[in-house]
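Here is a briefing on one structure, grouped by topic. Please keep the model open while reading.

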Amino acid sequence: MKKLFAILLVLSMALTFAACSGGSAPVAPTTAQTGSDGDVDIGAVYMAIAPLFKDNEPREHDADFIENIYGISKDLIKDSACVTYDMGDYAFSGEIVMIEATDKDAAATVKEALEKRLDDMKKQLSEYEGASIDNELANRIEVIQRGNCVAFFYSDQYDAMAEAFNK
Amino acid sequence: MYERKRMTPAKAAKSPKFILTAVACLIVVIVAIVVAVNLPKKEKAPDNKATVKPTKETTSETTTEAPKPVGGEVPYLAWEEAQKKNPEYFNEAVFIGDSTGLKIMQYDGIPGMKYLCYGNYGTTNALDQSTATAENGWPAEIWNQLGGRTRVYIMLGMNDLNRVGVDGAVENMRQLCQLIVDNNKDALVYIESMTPIIASQDGKRGKILNNAGIKAYNEGLKKMAEENNWYFIDVASVMFNDEGYLKDEYCSDPGAMGIHLSNAGSAAWCDYIMNHCADPKW
C-alpha cells in the first residue's frame, strides 16, 4: 500500500513537472512562423491580372512609393506589387496594391491604411462633378485580405482582379 | 514461524515515514505549481502601426526670398545644371495639386518629390477649414502638412474657377501661398499655370472652366506671383496643341472631363518642372 501510494505520488510529480516545463499551454503556430493557409502568391496573382491592364500604360511602383502615398512603412512589408495605369475616362487612375505583410499585426495596419485610402477617395469623389463613374467604382470595391496578404484594386477590372486574388 | 505484521491502511497513514514522504511530495508539487504560475509570459509583439506624420521642421536660419524677375525673366536652370548646385533640390520639394495632380503623383516622374494631391481639391476648399477636413477626404491646414519641405509647387484652379471666378481663384491662390510662407520658415513658392482642356470638352464644364477662363486665370496668377516675389512656372505652355487646346495625346479622359493627363502628359509636365529649377541662392 505504501509502495503503491509512493508510486502514485511520484507519477503525479512527474506529470506536474511535464505540464510546467513549457511555461504555457501549447498554442497553434503563428502565421509568422509557418505561413497562413490564406496567404497569397502575389507574384502569381500579378501575372494573372497583368493582361487586364498591360495595354493601359501601367507604371510599377516600389516600396518607397507605397510608403509616401499610402503611409505604409517598408518594415511592415514582406512582398508587394503596386501599379497605376490609365483607365480612360475615369478621373482617377487605376490603382493596384497587393502587400504581403510581415505578420498578422502588420497586415492589420496595412489593411487600415488601404481602407483609409479608399475612404478618402470616396469622400473626394462624392461631390466631384464629372467623376460619376469614379464615384460608382469607389463605392463598389473593397479592400480584401487573405491571411497576411491585403489587396486594393481601384480598377474597372475589379471583379476579375478580386477573383484572381481570392482563388 | 514469524509472521510479518501487516499494517492496516489507517496505521500506515499514521507512520512517521509515510507522513514524511507525503509532506515532501506535497512540497514538491506546490513548488512546481508556484514556479509554473510565475514563469515569464510571452511578450506581445509591439504595435507596428506605421505613421508618417508631417512635422513643422525648419531647416535654415536665414530667410530667403525669390528674386525679383529681371525684365520678367527668372534665371531657371535645367535639372542637369540644377543638381550640380543642389542634388537634394527635389527632396526638398512638395507638390500641392488636385485630381490632375493625382495623375502626376501616380506617374511618379520626379525623384524625391512629395505629393499632397486630392480629388476635387482647390484653393477655395483649402482655405475653408469647415470643408478641408478628414470627413471630406482633404487635409486640414495644408500649409502645416508640408513635412518640413521648403520648395512648394502648387497647381490648383480647376475646382475653383466655376465656384469663385477668375479673380476669386487668383485671390484664393494668393492667400494660400501667403499662409504657406507665413507658416513655413524659408518656404519658396512655385506657382504653376493650370493645364488646359481638350478641344472636344472645351465649353462643357461650366461657365468659366474652359480654355478662355484658364488663360485669364493663368495671366492673373503670373501677375500675382510677380507682385509677391513668388516663382511662376508656366508648365501649361508645353501642353497646348496648335489650336490652343490640350494636346490629344496628353489627355487621359477625352470622353469625360477632358482635363486629366495621360502618362505622356504627366511626362511632359515632369520634364518641364525638372528643367525649370530656381533658387534665390543661385
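Which residues of strand 4 of chain B are buried on one side, and which on the other? Leu188(B), Tyr190(B) and Glu192(B) are buried on one side, and Val189(B) and Ile191(B) on the other. Both faces of this strand are therefore covered, and five of its five residues are buried, so strand 4 of chain B is largely enclosed by the rest of the structure. Buried means that 20 or more other C-beta atoms lie within 10 Å of the residue's own; exposed means 12 or fewer, and partly exposed is in between, with C-beta atoms placed from the backbone.

This is a predicted model: local features need pLDDT of at least 70, side-chain atom pairs count only at pLDDT 80 or more, and totals for chains, interfaces and linings use all residues. Residues are numbered from 1 along each chain as its sequence is written, while chains are lettered from A and ligands numbered from 1 in the order in which they are written.

**Sheet of chain B**

- Five strands of chain B make an open sheet, ordered 2-1-3-4-5, with parallel pairing. Strands (E, at least two residues) and helices (H or I, at least four) are DSSP runs, numbered from the N terminus. Two strands pair if DSSP finds at least two bridges between them.
- The edges are strand 2 (114-117) and strand 5 (231-233) of chain B; each has a single partner strand, so one side of each is left without a neighbour in the sheet.
- On average, neighbouring strands of this sheet are turned by 20 degrees against each other, direction ignored. Axes are lines fitted to C-alpha atoms, for helices over the stretch in contact, and angles run from 0 to 180 degrees between N-to-C directions.
- Strand 4 (residues 188-192) of chain B is joined to strand 5 of chain B by three bridges, and the two run parallel. Tyr190(B) has Tyr231(B) in strand 5 of chain B as its bridge partner.
- Helix 7 (residues 211-227) of chain B packs on this sheet and touches strand 4 and strand 5 of chain B. Its direction makes about 155 degrees with that of strand 5 of chain B. Contact here means C-beta atoms, placed from the backbone, within 7 Å.
- Four bridges link strand 3 of chain B to strand 4 of chain B in the parallel sense. Ile154(B) has Ile191(B) in strand 4 of chain B as its bridge partner.

**Nonpolar core**

- The largest nonpolar core has 110 residues. Such a core is a set of buried Ala, Val, Leu, Ile, Met, Phe, Trp, Tyr and Cys residues joined through C-beta atoms within 7 Å.
- The residues with the most contacts inside this core are Val97(A), Val110(A), Val152(B), Val189(B) and Ile191(B).
- Helix 6 (residues 161-183) of chain B supplies the largest share of this core, eight residues.
- Leaving out residues up to four places away in sequence, Val152(B) touches residues including Val94(B), Ile96(B), Leu146(B) and Ile180(B).

**Chain A**

- Chain A has seven helices and five strands. Buried residues make up 35% of its 167 residues.
- Its five strands form an open sheet in the order 1-2-3-5-4, with antiparallel pairing. Strand 1 (59-61) and strand 4 (144-146) of chain A stand at the edges with a single partner strand each, so one side of each is left without a neighbour in the sheet.
- Strand 2 (residues 77-85) and strand 3 (residues 94-101) of chain A pair over eight bridges in the antiparallel sense. Ala81(A) stands opposite Met98(A) in strand 3 of chain A.
- Helix 4 (residues 63-70) of chain A packs on the sheet, touching strand 1, strand 2 and strand 3 of chain A.
- Helix 5 (residues 104-125) and helix 6 (residues 132-140) of chain A pack at about 150 degrees, with axes 9 Å apart. Leu118(A) and Met121(A) of helix 5 of chain A are among the contact residues, as are Asp134(A) and Ala138(A) of helix 6 of chain A.

**Where the chains meet**

- Buried residues of helix 8 of chain B include Trp269(B) and Ile273(B). What covers the buried residues of this helix includes strand 1 of chain A, together with helix 4 (99-107), strand 3 (151-155) and strand 5 of chain B.

Methods. Contact = placed C-beta atoms within 7 Å.
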